Amino acid sequence: MTKRIFCFQYALLAMLTFTPHTVVQARVQPARIFQSGMVLQRNKPIAVWGTADKGETFNVIFRGKTINVTADSNGHWKAMLPQQKAGGPYSLIIDRDTLRDILVGDVWLCSGQSNMDVTISRVAPQYPGVTETYSNDRVRLLRVDQVASVAGPQIDFHTSGWHHLTPQSAANFSAIGYFLGRKREEETGVPQGIICNSWGGTPIEAWVPEDSLSDYPRYLDKLHLYTPQYVEVQNKANSLMNNRWTEELSRKDPGLREGWTGSCDDSQWKFYDQYDKAWAQQNGRGIVGSIWMRQHLHIDKAHDGKAALLLLGTLYDADYTYVNGRQVGVTYYQYPPRRYNIPAGLLHMGDNVIAIRFINKGGTASFTPGKLRALVFNDGDTLRLGETWRAHIGATMPTMTLPDTGIQNLATVMYNSMLYPLAPMTIAGAVWYQGESNTDRASEYLPMLRKLKGSWRILFNDKDLPFVIVQLANFLAPSEQPQETGWAGVREAQRLGAQEDPHAALAVTIDLGEWNDIHPLRKREVADRVSQALDRCCFGKKVTLSPEPVSAKTTNGKVIVTFDQKLLSGNIHEFELAGADHRFHNATAEAKGNEVILSCPEVSTPAFVRYAWKNNPAKANLRGTNNLPAAPFQAKVE
């Protein structure tokens with residue numbers, strides 16, 4: 001027995017000693033984008049890449065084609081597969097790993113800030129019956145996780161992988177990406193891969209590489225202050241302070257101890273209109289801390305015990321919401337619409353109480369005007385809430401001012417951590433929906449957009465990479481008078497950035513916004529217009545998009561703006577004229593054929609014309625015969 005044990009031990013030692021390559025070989029690791037269920041781009045050579053031991057040799061096999069690969073001195077490798085026609089499912093073999101259920105079709109990169117980020121779950125009520133049960137295994141979705149790094153370009157990214165389009169996988173996926181993939185597959189029959197790569201609030205300079213920003217030193221100077229060590233320590237400190245602030249607020253708040261969530265004596269509470277700032281302010285300043293708002297509702301016998309959906313619109317800033325003492329929802333920041341489910345049995349015949357505990361760390365707590373606030377029962381009946389609430393301050397707190405460690409907003413950071421690791425993925429094109437965070441620096445946007453398109457084309461090794469630029473939607477309160485506005489400035493930069501680029505197109509959304517919501521819900525219509533634009537700039541189809549001005553000339557005392565297509569005839573609103581002084585005045589306008597004829601008695605010698613040049617040009621109605629809205633623009637009058 002001893003001899004046998006010795007022989008086994010000797011054999012094991014010999015194996016470990018003389019065949020170390022077999023035992024300690026580093027695994028050939030493809031980039032994370034290469035997973036079962038993915039979509040590869042059709043009709044272009046396909047890049048496959050990853051890491052391994054330096055000098056490691058292995059095979060990449062796809063559809064009978066074998067590529068021999070050797071990792072370089074840094075352990076990086078890349079294989080180029082020949083272009084493929086649309087089809088699948090296939091298998092992709094990388095060394096000893098087999099990826100299955102691979103489709104070949106069109107891959108779209110959807111990037112930008114929060115309007116690209118807005119999810120199907122948020123917009124689904126806009127389209128009842130459209131998304132709840134829809135599945136399509138020829139549309140695949142991949143979300144790049146939101147990870148920011150100040151440590152320079154990253155080798156790889158984080159993701160949960162590729163998913164077939166189902167109600168479950170789509171719920172928290174980009175609504176624009178979802179509708180785009182769905183539409184294009186249904187119309188073309190070609191498999192679609194949608195990569196969502198966006199982060200709310202990020203400015204355009206965050207999505208371009210550092211070496212393209214030498215003429216913007218202030219952005220780079222700020223970036224260089226943020227070391228990984230500082231960010232780690234400060235984020236931890238911020239989290240500790242935030243938790244401590246919340247704990248202290250809860251300790252001080254009498255509403256949590258005295259039953260303000262449900263049954264309590266609120267007869268001495270003051271009544272306020274929900275839009276009256278007085279309930280949320282002291283001495284003209286917003287109350288920092290907690291404020292309680294309560295409203296009593298009478299439920300009749302017909303709705304006794306029934307389940308319902310509580311709609312509160314959007315609120316500033318965080319809220320904890322209760323019905324008859326039970327918490328039904330919590331939202332930690334201002335933008336998401338409050339849609340809280342009330343379970344069966346919680347509402348009862350007679351008096352019921354809705355209590356909202358506003359949490360405010362700065363600014364002034366508020367209800368967003370113009371939003372529906374109601375109980376919607378499962379049978380479709382709707383009980384609107386009143387606009388009058390009883391209000392009481394819970395507890396006041398010091399303003400919590402924390403150092404800014406939102407590093408996702410720094411220059412180059414998104415490019416480094418969420419874009420660079422995707423390359424050199426072969427894709428069909430990119431969809432860019434961003435600009436809200438740059439409206440205070442509109443003059444920079446066009447040169448930044450040029451840098452973005454150029455650097456991405458270099459990164460993806462495609463000098464003609466198509467871009468669809470989604471122009472900013474209308475937002476904020478309408479104005480009857482001309483405005484000088486950064487929103488219009490960014491829209492113009494987006495229009496020019498598409499117009500000057502033969503491989504770009506503009507998707508106009510000036511009619512799809514909401515004055516009281518920076519995240520409008522009509523994302524299906526946005527995706528439809530993006531798809532039309534892709535047909536033009538990616539596939540070369542003769543598609544008529546939104547009307548574009550060709551010239552503006554003075555004729556017989558009137559200004560005639562000529563467009564690239566026929567227009568819907570009639571009186572047109574939101575045109576303005578100015579003289580050499582650049583003081584704009586409202587103009588009367590009429591569309592005939594492919595022209596708009598303008599006049600304005602206040603401007604004797606017109607030098608400039610512009611259209612829909614406002615935050616929210618609510619009356620803008622210039623459209624082509626395809627019913628697409630004209631893009632806002634400004635031009636010189638010849």
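Biologist: A charge sits over a ring if NZ of Lys or CZ of Arg is within 6 Å of the ring centre and within 35 degrees of the ring normal, so which ring does the charged end of R218 sit over?

Modeller: The charged end of R218 sits over the ring of Y219, 4.5 Å from its centre, and the charged end of R182 likewise sits over the ring of Y134, at 3.6 Å from the centre. Bear in mind that this is a predicted model, in which local features need pLDDT of at least 70 and side-chain atom pairs count only at pLDDT 80 or more, while totals for chains, interfaces and linings use all residues. Residues are numbered from 1 along each chain as its sequence is written, and side-chain values use heavy atoms, with hydrogens and water left out.

Biologist: OK, zooming out, how many helices and strands does the protein chain have?

Modeller: The protein chain has 12 helices and 37 strands, where helices (H or I, at least four residues) and strands (E, at least two) are DSSP runs numbered from the N terminus.

Biologist: And what share of the residues is buried?

Modeller: Of the 638 residues in the protein chain, 53% are buried, a word that stands for under 20% relative accessible area, with exposed meaning over 50% and partly exposed in between (1.4 Å probe, protein chains only).

Biologist: Back to rings, how many aromatic pairs are there?

Modeller: A search of the whole structure gives 26 aromatic pairs, counted when the ring centres of Phe, Tyr and Trp (its six-membered ring) lie within 6.5 Å, with planes under 30 degrees apart called stacked, over 60 edge-to-face and the rest tilted. F34 and W49 make an edge-to-face pair, 5.0 Å centre to centre with 85° between the planes.

Biologist: What does that pair tie together?

Modeller: F34 lies in the loop between strand 1 (29-30) and strand 2 (39-41) and W49 in strand 3 (residues 46-51), so the pair ties together parts that are 15 residues apart in sequence. F34 is buried, at 4% relative accessibility, and W49 is buried too, with a relative accessible area of 9%.

Biologist: New topic: where is F58, and what is it in contact with?

Modeller: F58 is in strand 4 (residues 57-62) and counts as buried at 4% relative accessibility. Leaving aside neighbours within four places in sequence, F58 is in contact (heavy atoms within 4.5 Å) with several residues, including V28, I67, N68 and W77. The C-alpha atoms of F58 and N68 are separated by 5.9 Å, although these residues are 10 apart along the chain.
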